[in-house]
Amino acid sequence: MTAYGQVVTDASLLKGIVKLRDLVQKMKEERATHAAITNDTLYGAVAFHDMLAKEGLVPIQGLEVAVQTEEEERPTSLYVYADGDEGFQSLLKLSSAANVRSERSLPIRWLAPYVRSCAVIYPVRAFQPIRPSIVEALKSGSDRFVFGLHTYDVSIDPSVEERAREAGEQEQVDVIAYRDIRYIAPKERAAYDVATAIRHNCSFDELGDQRLPYEAHSLSFDEWKEQWEDETYVERTHTFFERLSPVTTFERSPHMPTFPMDEGNAASRLKTMCEQRLRSIGKWTPPYEQRLHKEWTTITNMGFEHYFLIVADFMDAAREKGIMTGPGRGSSASSLVAYALGITEVDPLEHGLLFERFLNEQRVTLPDIDIDFEDRRRSEVIDYVVETYGVQHVAQIGTFGTLSFRAVLRNVLRIFDYEKREIDTMIEELAQTKQSSVRQALVRSPRLKDRMKEDETFLRAMHAATVLEGIPRNVSTHAAGVVISDEPLVQRVPLQKGTDGPFVTQWAMGDVEQVGLLKMDFLGLRNLTILRRMYDTIRYEEGTTLNLQTIPLDDDDTLRIFREADTLGIFQFESPGMRRALKEIAPTNFSHIVVANALYRPGPMANIPTFARRKRGEENVRWIDPSVASILGETYGIIVYQEQIMQMAQTVARFSFAEADLLRRSISKKDHETMEREKRHFVEAAIDNGYERAVAEQLFHWIGEFAAYGFPKSHAVAYSLISYQLAYCKAHYPAHFYAAQLTYASSEQFPSFLREMKERSIPLLRPSIRESRYAFTVEKGNVRVGLKQIKGLPRDFYRAWSNVRKQGVTVRSVAELTEALSDTKLTDHALEALVYSGALDDFNIPREQLLDVVDVELTHERFGRFGQLKRPAVTNEMSAVEKVERERELLGFYISEHPIEMLRKSESFYNVPIAQWQTPNRRVKEALVHITNVKEIRTKRGEKMAFVTFQDESGEIEGTVFPTLYRHLSFTIEKGFAVIEGKVNERRGRWQIVVDALRPYQKE
């Protein structure tokens, strides 16, 4: 029998490339029963355990640990193995202790306490003596330790074996053989070397000493014996691993955190808090009282009362800090308890939401309350949780980035020294095959397939890419996931140092939940940050405190925004396809907005025309049975929501809502056996309830059709509230809306927002050294550009300038500006940015002269005034186009006037702006545009073509220049002004123009 005792899996972040499926296959071929994972973290431990256990093999949890002794600078590596569940507890602590330290090694004094219930292999190495301090620590801490011999060490220095024998006799411990396994087959050695080069960020030829000096593939039992003259070593190896007890802690019951309370119990506190809140808002009526009692009973029976109190507590803390929170997310918005505690802002009774969609006792899963916060302040809420529950009890969840299709190609080709342009071309060619793996793509790409025959380096690169594709490359912090536990987290999950903030788990989300820890999602939502900005500027400029939670949901001005699809900047309603859907649906109430949100997805969007026709009365609603009319009335007979499926099951088959939720879940999984069972259950129950069999079967078939893509109404309502709030601000406070949007907009979004402002006659004021704040602000209905928008102006300049303002200093000239700021803040670069962006136009000096004036003033400020300052002579005046071009370079957009507008005034061109080209098959002739980006690629046949971004004052559109036109152009397409002709179409939700003719603009 063979035991693989030192397997470094692909979870080790390129230190090993052993894939678990390959390991299992190899073990079965060799009739091996035991394998041990020995990464230098516990990455991949859960998957390793699950995969081997599922195949009837024995997974052994191990860890390679670096121990720092006082005798030498270089740490000593040990292999530590868990002997049963207690031993795995030691591994959790051991791995965490090493990985929360920047040194990544363990002080010798920590070794003994951290190897309790563990077996240890102390490798005897040619380059390192046996350290007595390590031996003593192992004797006092470990249940069992042995000395280990590796073939490589023995072969380069035969005295190593003798040294190990003597130490074993002296300490009365065994000496065994061990084998470092970092890849399965010898042919994978080259791919492993490539992985090493990627890890060290060097080329393949630069690996040098980083290259592993020995072979590290797996061996058969016969190969093991051939490695050693004394077979006793190998036999002891098998005995060592066979004596280890398996770890069983990977399937643990849920462990809920505890809310800290001085007195009372959590259940009664939860109930009291909910009652008080509902009374305070005038909603303590029989329906609310009954619903609250039902939810409270379920929550407490399932032991989740502490969880709700914890979430309510950090939500209250966020609001106290002035952090905007979302109205709800996912199915938690269907809970009245969550609403009463202020966790959500959605009244589930008003919107017909079902608690059982979120939580019920027949579906024993952990509750999942995901919370949205302003993205820029999310970390403050996590900091509060850490302060409240302790740094040992809170961690963010780790996540692993992999060498995906494009990533593995880019990395592998890079380390073989291919040029970036060539790499991009090869990746695009493989991507165009539409295959899911590198291996499949190569088969479908004849040109690259031929290249592998002609280019040996490319062949090696592609072989490595097929081996390495999909393996983890790096670990980072999950964008949202946080775990809280009332016991130290290290008792259940290994930890590591976070980039900035709390510890991070060494396991990904699924593994963390598998061991019983409750995951919470703290999500950062940019739209909440934008809403907060609107709220603040409205309060500052208008003196009005806007309560977004109480705005009327039947406001016609707001609904008109949706009816007219005027939804630029409106969360979830901006895409061209969604705008067309809105125009078709023409929402006249909030419910229609929610329906549009839920229907606009692949599959259900086919029902949008039907919904719209029925809403307009152009098509009659046909009911399979009158009993479902009240359930589907708001959606005109179309099943849109998962909650409707549950209600139909309850009405037709008398299912409890808990049973109905199980039906919905089972159908959505499309498991044939489960569906047949559920169908029999539903149909027989419906017959017992008085329905004809044919009707019951038809209803079940109908439910089955829609269950696959039914959307949770709770989520649609909650997120539509954010959309509605943004639209309300756009309708009633448009300047504040655009100021906030521009503050956080990307460069691609700017032209569209500026165009809408122009259409609404909302002036955009240039940046001003006197008037501008950091971000975009509102001045008497106008929007003022913030100083943060000026490229090259450092943030510490604004801080210094803000301090000057706070002191009440008024700057009326360049001289006063230079006096107010030190030359460390008012650098030449900052001055040039201020001048050409227009921020110093306040001083009424032409921009051409301003730099000279400022330079003189700075000289006087630094060295004293020696005579009267003379205003410099007027230099060559900047042209209007030069002026706005400099503005665009510094601000990212044209503020005075777009140069296209200027040119159109003097010459006759196609005057329909790009924003109005959005009509299928529209012909565009002699259109004057500004080229802002050019991307040249090669087709499968190796022909050149280009994707070109065209812009005017109204927006941008991507143009495609196919090879037929591209090869006949007598010039290189570059940024600048051009005249084009072509045909407009929509592709993948974006408008584009296929260019038929293109020439550079030349002023006649």
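Val80 has its bridge partner in β6, at Val120. Helices (H or I, at least four residues) and strands (E, at least two) are DSSP runs, numbered from the N terminus. The model is predicted: local features need pLDDT of at least 70, side-chain atom pairs count only at pLDDT 80 or more, and totals for chains, interfaces and linings use all residues. Residues are numbered from 1 along each chain as its sequence is written, and side-chain values use heavy atoms, with hydrogens and water left out.

**Strands around β4**

Two strands pair if DSSP finds at least two bridges between them. β4 and β6 (residues 118–123) run antiparallel and share four bridges. β4 also pairs with β3, again antiparallel, over six bridges. There, Ala66 is bridged to Ser77 of β4. Six of the seven residues of β4 are buried. Buried means under 20% relative accessible area, exposed over 50%, and partly exposed in between (1.4 Å probe, protein chains only).

**The second largest pocket**

A pocket is found on a 1 Å grid over the protein atoms alone: it is an open set of points where a 1.4 Å probe fits, with protein on both sides within 12 Å along at least five of seven lines, and lining residues have an atom within 4 Å of a point. The second largest pocket holds about 1100 Å³, a volume filled by probe spheres set on the points, which are joined across faces, edges and corners. It is lined by 42 residues, and Glu64, Arg74, Ser77, Arg125 and Arg182 are the closest to its centre. Elements giving two or more residues are β3 (58–68), β4 (76–82), α3 (84–99) and α8 (189–200). β3 gives the most, with five. By class, the lining has 16 nonpolar, 14 polar and twelve charged residues. Ala, Val, Leu, Ile, Met, Phe, Trp, Tyr, Cys and Pro count as nonpolar, Asp, Glu, Lys and Arg as charged, and the others, Gly among them, as polar.

**Buried residues**

| Residue | Relative accessible area |
|---|---|
| Cys118 | 0% |
| Cys729 | 1% |
| Ser335 | 0% |

The whole structure has zero disulfides (pairs of cysteine sulfur atoms within 2.5 Å).

Ser335 sits in the loop between α13 (305–320) and α14 (336–340). Its side chain makes a polar contact with the side chain of Glu295, at 2.9 Å. A polar contact is a pair of N or O atoms within 3.5 Å; within protein, one must be able to donate a hydrogen and the other to accept it, and residues adjacent in sequence count only if both atoms are side-chain atoms. A polar atom of the Ser335 side chain also lies 3.1 Å from the backbone nitrogen of Ala338.
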